[in-house]
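Student: Could we go through this one together, slowly? I would like to start with the strands and then move on to the ligand.

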Amino acid sequence: MPLYNEDHDGLAAPEQVTAFRRSIIESDGIVIVMPEYNHGIPGVLKNALDWASRPFGKSSLTGKPVLAISISPAFTGGVRAQAQLNETLLAIQAVPVPAPQVVIGSIASKIEDGLFVDEPSANFALGAIDRLLDRCRVMPTAYV
Ligand SMILES: Cc1cc2nc3c(=O)[nH]c(=O)nc-3n(C[C@H](O)[C@H](O)[C@H](O)COP(=O)(O)O)c2cc1C
């Protein structure tokens with residue numbers, strides 16, 4: 001997606017932005033999996049959320065349950081990006097899934113032959129996915 005520009009939004013919104021917004025509308029819940037860049041969320045993710053946040057007051061993300069998973073080579077696992085993401089989700093009035101944050105650190109030691117092999121981390125993340133699904137059942141928002 002291009003960088004957000006309000007002059008290119010509204011009826012003139014790029015096709016990929018319209019498709020992105022539609023895919024969010026048609027979802028009961030969202031999983032965001034991200035690395036951490038300089039203690040924050042990657043710029044491309046922020047840009048995507050900025051597009052999703054409009055039209056003002058009618059964002060496809062408003063009221064939508066969102067689960068965040070951060071992954072990093074550092075042992076801190078992207079925990080600072082999680083805090084920043086929550087701020088943005090709050091602004092959009094999305095609904096972060098109330099659960100222990102899924103923060104997967106030291107990722108290099110948890111991958112073998114391209115596969116994620118750390119069972120405790122995988123189980124922890126799957127538990128959070130279950131909580132997201134529970135939340136989606138309580139407040140289904142998709143209209144497909
Ligand atoms: C510009 C840049 C900044 C980064 N800053 C952080 C950081 O603040 N904290 C952290 O844990 N990892 C940081 N990293 C490491 C990223 O988490 C790591 O590159 C990422 O997990 C790799 O994801 P990929 O394999 O999907 O490309 C940074 C990486 C880049 C390129």
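Student: How many bridges join S2 to strand S3, and do they run parallel or antiparallel?

Tutor: Two bridges join S2 to S3 (residues 95-96), and the two strands run parallel; strands count as a pair here if DSSP finds at least two bridges between them. Keep in mind that this is a predicted model, in which local features need pLDDT of at least 70 and side-chain atom pairs count only at pLDDT 80 or more, while totals for chains, interfaces and linings use all residues. Residues are numbered from 1 along each chain as its sequence is written, and side-chain values use heavy atoms, with hydrogens and water left out.

Student: Okay, and which residue is the bridge partner of proline 65 in S3?

Tutor: That is valine 95. To get from S2 to S3 the chain crosses through helix H3 (residues 79-92), and this β-α-β crossover is right-handed, which means that, with the strands pointing away from the viewer, the path from the first strand over the helix to the second runs clockwise. Helices (H or I, at least four residues) and strands (E, at least two) are DSSP runs, numbered from the N terminus.

Student: What other strands pair with S2?

Tutor: Strand S1 (residues 30-34) is joined to S2 by five bridges, in parallel, and valine 33 stands opposite isoleucine 69 there. S1, helix H2 (residues 43-52) and S2 also make a right-handed β-α-β unit. Strand S4 (residues 102-104) pairs with S2 in the parallel sense over three bridges, with serine 70 opposite valine 103.

Student: Why is S2 largely enclosed?

Tutor: Six of the seven residues of S2 (residues 65-71) are buried, so the rest of the structure largely encloses this strand. Buried means under 20% relative accessible area, with exposed over 50% and partly exposed in between, using a 1.4 Å probe and protein chains only.

Student: Switching to the ligand, which residues are around the ligand?

Tutor: Among them are Pro35, Tyr37, Ile71 and Arg80, where a residue counts if one of its heavy atoms lies within 4 Å.

Student: And which polar atoms lie by the ligand's nitrogen and oxygen atoms?

Tutor: A polar side-chain atom of glutamate 36 lies 2.7 Å from a ligand nitrogen, and a backbone N or O atom of histidine 39 lies 2.8 Å from a ligand oxygen. For serine 72, an N or O atom in the side chain is 2.5 Å from an oxygen atom of the ligand. Taken alone the ligand exposes 630 Å², and the protein buries 50% of that, with areas from the Shrake-Rupley method and a 1.4 Å probe.

Key. A polar contact is a pair of N or O atoms within 3.5 Å; within protein, one must be able to donate a hydrogen and the other to accept it, and residues adjacent in sequence count only if both atoms are side-chain atoms.
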